[in-house]
Amino acid sequence: MKALTLNNGIDIPIVGSGTNTYGKEGNQYAGALRGDTEEIDWAIENGYRHFDSAQKYRNEEVLGKGIKKSSLPREDFFITTKLNTFEGFGGTDWAHAEIEKSLEKLQTDYIDLFLIHNPWDNHTEILEAWRILEDYYNRGVFKSIGVSNFKKEHLDIILENGSVPPAVNQIKSQVGNWNEELIDYNKKNDIATVAWSPLGGIDEKALQVLEEIGKPYGKKYAQVVLRYQIERDVIVIPKSHNKNRQAQSLAIFDFELTESDRDRIAQLPGSH
Ligand SMILES: NC(=O)c1ccc[n+]([C@@H]2O[C@H](COP(=O)([O-])OP(=O)(O)OC[C@H]3O[C@@H](n4cnc5c(N)ncnc54)[C@H](OP(=O)(O)O)[C@@H]3O)[C@@H](O)[C@H]2O)c1
């Protein structure tokens with residue numbers, strides 16, 4: 001598996017597995033937890049070692065359980081999770097308690113990458129939250145720290161006032177909505193981009209074009225899109241409730257897109 005080296009020297013596998021519906025009834029984001037770890041088990045069997053989790057997904061324990069069950073060493077895995085800031089920031093004690101819960105549910109004493117899930121409209125508090133992440137980073141509990149869904153203005157708060165720069169900004173980037181400007185800004189500041197919902201935004205027409213591009217390489221549309229992202233050093237975290245499709249999304253290291261392929265993909269309109 002190809003890895004990217006983050007700005008703090010830590011390696012991150014360039015393909016990871018999303019998890020936001022794993023272990024849930026009906027494969028639904030809001031579904032209750034089923035109690036099994038099926039999708040995580042398949043993903044590990046398929047060779048995924050990088051997993052994208054979040055407190056908001058309510059299923060960190062599914063990932064923790066699946067990893068434990070695999071009997072593979074903890075160090076083989078790259079685990080991301082995120083502080084649930086959708087309702088804003090609940091203060092220092094709250095953040096500490098939430099982080100401790102994540103460590104417990106994930107059954108680990110360290111997290112490879114810990115993110116602030118979402119910005120909110122209080123810049124002082126964002127910095128306050130960041131200082132907590134820095135503290136865990138300095139103590140080695142978080143190996144890397146970063147943010148998600150941060151725009152330029154939010155990144156600047158941390159870049160200008162923090163003592164550890166974010167290693168990652170996890171943002172939406174998919175067909176027709178690549179978020180090019182922000183990816184460039186991340187890059188300029190030595191922040192790696194992780195693309196969430198990397199297989200979203202593909203309508204019937206885009207799917208046909210992507211299949212056509214993939215055909216000479218023996219690749220399917222999803223593989224073409226994921227390949228497009230990793231060729232420009234954007235990390236991808238696709239998820240699937242189907243073991244074969246999970247495997248497909250990992251089989252993207254044995255072909256290369258041409259410049260003309262890349263131009264066509266860049267210009268595809270999205271389904272938004
Ligand atoms: N930071 C954030 O705010 C944020 C927001 C959204 C998502 N995320 C993260 O990003 C991860 C991925 O995003 P996502 O879950 O929205 O969806 P996604 O990975 O873009 O996948 C969308 C759908 O594509 C299908 N799929 C997967 N692999 C495929 C393949 N090889 N060929 C054809 N179809 C395939 C899956 O359906 P099947 O199950 O039927 O295969 C899946 O439901 C999430 O799980 C989460 O970890 C983060």
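**The ligand site**

The ligand takes up the space of the largest pocket. A pocket here is an open set of points on a 1 Å grid over the protein atoms alone, where a 1.4 Å probe fits, with protein on both sides within 12 Å along at least five of seven lines; a molecule sits in it if more than half of its atoms lie within 2 Å of its grid points. This is a predicted model, in which local features need pLDDT of at least 70 and side-chain atom pairs pLDDT 80 or more, while totals for chains, interfaces and linings use all residues. Residues are numbered from 1 along each chain as its sequence is written, and side-chain values use heavy atoms, without hydrogens and water.

Around the ligand are 25 residues, of which Asp 52, Ser 197, Ser 240, His 241 and Arg 245 come nearest; a residue counts if one of its heavy atoms lies within 4 Å. By class, eight are nonpolar, 13 polar and four charged, with Tyr and Cys counted as nonpolar and Gly as polar. The helix α9 (243-250) and α8 (221-231) each give two or more residues to this shell, and α9 supplies the largest share, three residues. Helices are DSSP runs of H or I with at least four residues, numbered from the N terminus.

Polar contacts are pairs of N or O atoms within 3.5 Å. A backbone N or O atom of His 241 lies 2.8 Å from a ligand oxygen atom, and a polar side-chain atom of Asn 20 lies 3.0 Å from a ligand oxygen atom. For Tyr 221, a polar side-chain atom lies 3.5 Å from a ligand nitrogen atom. The protein covers 81% of the 900 Å² of accessible area that the ligand has on its own, by the Shrake-Rupley method with a 1.4 Å probe.

Key:
A polar contact is a pair of N or O atoms within 3.5 Å; within protein, one must be able to donate a hydrogen and the other to accept it, and residues adjacent in sequence count only if both atoms are side-chain atoms. On a 1 Å grid over the protein atoms alone, a cavity is a set of points where a 1.4 Å probe fits but cannot get out, and a pocket is an open set with protein on both sides within 12 Å along at least five of seven lines; lining residues have an atom within 4 Å of a point.
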